[in-house]
Amino acid sequence: MADDLFNSFMNGPDENGRFGDFGGRFVSETLMPLILDLQAEYDKAKTDETFWAEMDDLWEHYVGRPSPLYHAERMTEELGGAKIYMKRDELNHTGAHKINNVLGQIILARRMGKKRIIAETGAGQHGVATATVCAKFGLKCVVYMGAHDVERQAPNVFRMRLLGAEIVPVTSGRGTLKDAMNDALRDWVTNVRDTFYCIGTVAGPHPYPAMVRDFQAIIGKEVRTQMETAEGRLPDTLVAAIGGGSNAMGLFFPFLDDKSVNIVGVEAGGKGVNEKMEHCASLTGGRPGVLHGNRTYLLQDDDGQILEGFSISAGLDYPGIGPEHAWLHDIGRAQYVSITDVEALAAFQKCCQLEGIIPALEPSHALAHVMKIAPTLPKDHIICMNMCGRGDKDIFTVARALGFEMGEFA
Ligand SMILES: Cc1ncc(COP(=O)(O)O)c(C=O)c1O
């Protein structure tokens, strides 16, 4: 299924892990041998049919792929313009797209003989997916999670514990995803021998951004086939939310060569893209710098210190963005916009009411952008948005934002 992903001329990065001026491998000497081992293992796996056969089998029988492509009829009618499709990756086992990538990395870890898996998590979906696959294969799992996220994503913290993972709350910085990733990298340097670092998005040093993208590209590959069946042609516009950018790269990548397809990434605009940086829109409101082993757009102050950023959505609360997105932005192949917390909350509610789907707050950002553009487009324009996670984890956050107290939901 995944075999022809590697023939595209858009198949960056170069041999140094660069997407144009972005990406690369900015790591300490201690980490370099580990990164090179991983790259060698992944290079072997890419063309190994038995690797992809194992992936395809697990995607189908464990994750439940292919996920449906769903025509959101009432949403389309209500907005009165473009025809809206949702790629239902929230129906995957564990409730989000994160498991697509985790399976690939854990199969690599097993091939490399690693017995201890570490991961960082923001919304907890990557942590839950990693804890799940570690339980399935009997591997030790340690998840670094910002203390602030431990609090606001409590249901996922308990899920990870049930699955046997050790959770390490991170109190440095503002206690969010960036801080969790810093501590996970520190752990990896300290435990070089038996540990595999399973990164949850298209960030980190090469080969992670390309490798995670390749595993998530199953999303866009399926959309191509499903759209062909449903409409007999390609979609006109693709829309996806961006934290680090993995669900978006997964949807976008198989369409990069199709110039007729508009590609839109949606960043978290928080309280509005302003000078107080109360948002997480790294492309819209940041500038290039180096973080977590790669060069990309970052929220930073005049001295290059990383700023914390803000979003109601724990999964979008990252002050950087995957380097391939930075490149697609600069060469103009994709457009990047931002959506505020208030707009995302409105889209969240509309989706519940019109489609009977409770979305995660992350794809609610993508949907809010769809709600902005659909009425301005003709009825024969096809939009496909990535419904990359379900909203169970977010109901308490949404309840608070809508002014409910606990126990007052009735
Ligand atoms: C449901 C969901 N969507 C999106 C994201 C953002 O990650 P990415 O941009 O890598 O897809 C997260 C991160 O936790 C998530 O849980």
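1. Cysteines. A search of the whole structure turns up 0 disulfides. The model is predicted. Cys 198 has its closest cysteine sulfur in Cys 134, at 7.4 Å, which is too far for a bond. A disulfide would need the two sulfur atoms within 2.5 Å. Cys 280 is in no disulfide either; its nearest cysteine sulfur belongs to Cys 388 and is 15 Å away. Cys 198 counts as buried because its relative accessibility is 0%. Cys 280 is buried too, with a relative accessible area of 2%.

2. Overall fold. The protein chain has 16 helices and 14 strands. Along the principal axes, the C-alpha atoms fill a box of roughly 55 × 50 × 45 Å. Of the 410 residues, 61% count as buried. Take the contacts between residues at least 6 apart in sequence: 74% of them join residues at least 24 apart.

3. Surface and charge. The accessible surface of the protein chain is about 15,300 Å². Carbon and sulfur atoms account for 51% of that surface. The chain carries 40 positive and 54 negative side chains. The centres of the two sets lie 2 Å apart.

4. Asp 179. Helix H8 spans residues 177–190. Setting aside residues up to four places away in sequence, Asp 179 touches Val 170, Ser 172, Gly 173, Arg 174 and Glu 308.

5. Ile 357. This residue sits in the loop between helix H14 (341–355) and helix H15 (361–373). Ile 357 is buried, at 5% relative accessible area. Beyond its neighbours within four places in sequence, Ile 357 contacts Tyr 70, Met 86, Arg 88, Glu 90, Cys 351 and Cys 352. Gly 391 is 34 residues away along the chain, yet the C-alpha atoms of Ile 357 and Gly 391 are separated by 8.5 Å.

6. Helix H13. The helix covers residues 323–331. Its buried residues are Pro 323, Glu 324, His 325, Ala 326, Trp 327 and Leu 328. Gly 332 follows H13 and has a positive phi, near 80°.

7. Cis peptides. Pro 66 is in the loop between helix H2 (49–63) and strand S3 (69–71). The bond from His 206 to Pro 207 is also cis, with omega near 15°. Pro 207 belongs to the loop between strand S8 (195–197) and helix H9 (208–216).

8. Thr 94 has phi near 80°. Thr 94 is in the loop between strand S4 (83–87) and helix H4 (98–111), and counts as buried at 14% relative accessibility. His 292 has a positive phi of about 50°. The loop holding His 292 runs between strand S11 (287–291) and strand S12 (294–298). His 292 is buried, with a relative accessible area of 6%.

Key. Residues are numbered from 1 along each chain as its sequence is written. This is a predicted model: local features need pLDDT of at least 70, side-chain atom pairs count only at pLDDT 80 or more; totals for chains, interfaces and linings use all residues. Side-chain values use heavy atoms; hydrogens and water are left out. Helices (H or I, at least four residues) and strands (E, at least two) are DSSP runs, numbered from the N terminus. Contact means heavy atoms within 4.5 Å. Buried means under 20% relative accessible area, exposed over 50%, partly exposed in between (1.4 Å probe, protein chains only). Accessible areas come from the Shrake-Rupley method with a 1.4 Å probe; for residues, only the protein chains shown count as cover. Lys and Arg count as positive and Asp and Glu as negative; His and the chain ends are not counted. The place of a charge is taken as NZ of Lys, CZ of Arg, CG of Asp or CD of Glu.
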